[in-house]
Amino acid sequence: MVAFASTLGIDVSKRQLDGHAWPEGASIGVGNTAAGFAALLGWLAEHPVDAIAVEASGGYERKLVEALRTAGQRVLVLQPRDVRLFAELRHKRAKNDRLDARVIAEFAALFGEERPARSPALERLAAYLTYYEQLSAAVAQAKTQRETFADEEVRALCAEQVARLTADKRTLLARIRALVESDTELSGRVRLVQSMPGIGFLNAVTLVVRLPELGRLSRHAIACLIGVAPFDDESGQHKGRRSCRGGRRRVRTMLYMGALAAARCNPLIQAFCQRLKAAGKAHRVVIVAAMRKIIVILNAMVRDGKPWEHAAA
C-alpha cells in the first residue's frame, strides 16, 4: 500500500542537500544553508510533492526540517537503519548521495509515517538531554583515565577535569529542571511519570521527551518501540530462544537505570523480580522483564492520567 503518491527524498550532509522526486524522477542539489532552503522551496513550487523525507543525520537535518515545516511542507524524519534495510531488500547496494535520495523517496512513499513535530521546548530539552548524556560519558572516561595513570600530577589533572565536568552536569540539570517547570503541561506529564517509585527526574524527562508515543500505543507496541519486547525465534521444529532487538537505545538505557532502582524501592516491581528469580531466571532476563512491566504500567498511567498511587491500587 502506497502511503504517499509522490515524495521527495533528501540526502542530508553537513554542507549539501541532494534531492530526488519519486516517481517523477526530478533531482535537485543545493547547499545545506538558508539560501539552499529558499532555493529548495522555490523548486518545490514547480515540483509539488505529498511529502518530503529525510534521514536523521546527527542533527544536520534539523534546520532543514524546521524551514520546510515552517513553509507548510509535510516532512518525514526516517531512521537510517530502516532505509538501509529497504535498500538491501531492493538489491541497491551502490551508495552515493543521489542514489541515497532516491532510496529515501521510495521508502517514504511505501512506508513513510508522519510524526507530529515537537514543540520548541521539547526540542531544546532533547538537546539538553543529549548534552547531559555526553557529559556523563566524558566524566566516566575521565575517571577511567585517572585510574590508568601512576603519575600523581597527571592524576590530579584528571581529577580537575572530572570536577569541571561534574559541575557542568549540575548546571545543565538545573537548566533542564527550569525548562520543565516553565511548561505546565510538560511538568505535569513529568510529575505523573515520576510518581512511580524508582523513576527519577531524568528518567521521567527522557521518557516524556523521547517517547511522545507513551500513553497512545498498546502495551505490546510501546514495549516494541523501546526494544524490551521478546520476539519468537521459531520455524517448524526449531524452537529458539526469544530475544529483544532494536528499539530506542537512549530511552532503553534510562529505563534500565529506572528498573534497577525500582527493583529495590518499588514493592510491586520488587515482588515481580523476586518471583522471576525464584523461578530460576537469569539476572539480565529479570531486569529486562522489569523494564517491560514498568513501561507497560507507565503507558497505562499516562493514558489514563492516573499517578502511581491510583494506578497501583
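Me: Which residue of β3 does L17 stand opposite?
Reply: L17 stands opposite V30 in β3. This is a predicted model, where local features need pLDDT of at least 70, side-chain atom pairs count only at pLDDT 80 or more, and totals for chains, interfaces and linings use all residues. Residues are numbered from 1 along each chain as its sequence is written, and side-chain values use heavy atoms, with hydrogens and water left out.

Me: In what sense do β2 and β3 pair, and over how many bridges?
Reply: Antiparallel, over five bridges. Two strands pair if DSSP finds at least two bridges between them. Strands themselves are DSSP runs (E, at least two residues), and helices are runs of H or I with at least four, both numbered from the N terminus.

Me: What is the phi of G25 in that hairpin?
Reply: G25 takes a positive phi near 95 degrees. The hairpin of β2 and β3 has four residues between the strands.

Me: And how does β1 pair with β2?
Reply: Strand β1 (residues 7-12) and strand β2 (residues 16-22) pair in the antiparallel sense over six bridges. A hairpin of three residues joins them. T7 stands opposite W22, and I10 has G19 as its bridge partner.

Me: Is β2 mostly covered or mostly open?
Reply: Mostly covered. Five of the seven residues in β2 are buried. Buried means under 20% relative accessible area, with a 1.4 Å probe and protein chains only.

Me: New topic. How do α5 and α6 cross?
Reply: Helix α5 (residues 120-148) and helix α6 (residues 152-181) cross at roughly 160 degrees, and their axes come within 9 Å. Axes are lines fitted to C-alpha atoms, for helices over the stretch in contact, and angles run from 0 to 180 degrees between N-to-C directions. The two are therefore roughly antiparallel, a label for angles over 145 degrees.

Me: What kinds of residues make that contact?
Reply: By class, 19 nonpolar, four polar and eight charged residues. Ala, Val, Leu, Ile, Met, Phe, Trp, Tyr, Cys and Pro count as nonpolar, Asp, Glu, Lys and Arg as charged, and the others, Gly among them, as polar.

Me: How about α10 and α12?
Reply: Helix α10 (residues 249-265) packs on helix α12 (residues 283-304) at about 100 degrees, with axes 9 Å apart. α10 and α12 are therefore roughly perpendicular, which covers 65 to 115 degrees. Among the α10 residues that meet α12 are R252 and Y256. Their partners in α12 include I287 and M291.

Me: And α11 with α12, what angle there?
Reply: Roughly 145 degrees, for helix α11 (residues 267-278) and α12, with axes that come within 10 Å. This contact has ten nonpolar, no polar and two charged residues.

Me: Last one. How many helices and strands does the protein have?
Reply: The protein has 13 helices and seven strands. Buried residues make up 40% of its 313 residues.

How values were computed: Parallel < 35°, antiparallel > 145°, perpendicular 65-115°, else oblique. Contact = heavy atoms within 4.5 Å. Buried < 20%, exposed > 50% of the residue type's maximum accessible area, 1.4 Å probe, protein only.
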